[in-house]
Amino acid sequence: RSRRQRQMCIRDRLRRDKAILKPIIQHNPNYLTRMLVFDIDKPKKPNKYWTVEQHIKDSDAPTPNIIIKNPKNGHAHVAYILTTPVPMTDNSSQKAIRFAAAVEKRLSIKLNADIGYTAFISKNLLHEQWDTEITNEESYDLQELEVWLTPEQQKQSQPQKRAMDGLGSRMRLFNDLRYWSCLLYTSDAAD
């Protein structure tokens, strides 16, 4: 299948029983973040003993709940399941959303994960195309994940007014447009 065909399959609103058969799925609903997912690619020049598990251990990051590997190239998605999901609606706490985004960004840096990954879709852990490993059955609080960060990284994970990196480009775009539209609206109202 071409990349466009795969994207079209993902965009189709499939019932859960049909979507679960696809190799790539949306792991969080649009309104809730239940897990933080990171894309870890094999380095361009790895040593012959490189594994994603060793990569995580070397980065001194917490053990993820799930590792979903592509057996052909060694690339993987690692997932941290949250004990308390973070709501992502208009009525949700912006402070909680910013905190989740900051922790996600800092953890991504710690894992040396792909910073271009939007964390919107991931490998389906139930699909036969991937090698799936459950590495930790205990879910994480965001505060627990923050403890794994260095003191400098913890400072950077404290909510800041406009720190939206981490939860994807849609959230960042929404907040940037919201900010600029308020400025335009108030300047037009003043005239």
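Phenylalanine 38 counts as buried, its relative accessibility being 3% (buried means under 20% relative accessible area with a 1.4 Å probe, protein chains only). The model is predicted, so that local features need pLDDT of at least 70 and side-chain atom pairs count only at pLDDT 80 or more, while totals for chains, interfaces and linings use all residues. Residues are numbered from 1 along each chain as its sequence is written, and side-chain values use heavy atoms, with hydrogens and water left out.

Two aromatic pairs are present in the structure, where rings of Phe, Tyr and Trp (its six-membered ring) pair if their centres lie within 6.5 Å, and planes over 60 degrees apart count as edge-to-face. The ring centres of phenylalanine 38 and tyrosine 80 are 5.9 Å apart with the planes at 75°, so this pair is edge-to-face. The pair joins distant parts of the chain, 42 residues apart, with phenylalanine 38 in strand β2 (residues 32-40) and tyrosine 80 in strand β4 (residues 76-87); strands are DSSP runs (E, at least two residues), and helices are runs of H or I of at least four, both numbered from the N terminus. Tyrosine 80 is likewise buried, at a relative accessible area of 0%, and ring pairs link Phe38, Tyr80 and Tyr140 into a cluster.

Key
Rings of Phe, Tyr and Trp (its six-membered ring) pair if their centres lie within 6.5 Å; planes under 30 degrees apart count as stacked, over 60 as edge-to-face and the rest as tilted. Buried means under 20% relative accessible area, exposed over 50%, partly exposed in between (1.4 Å probe, protein chains only).
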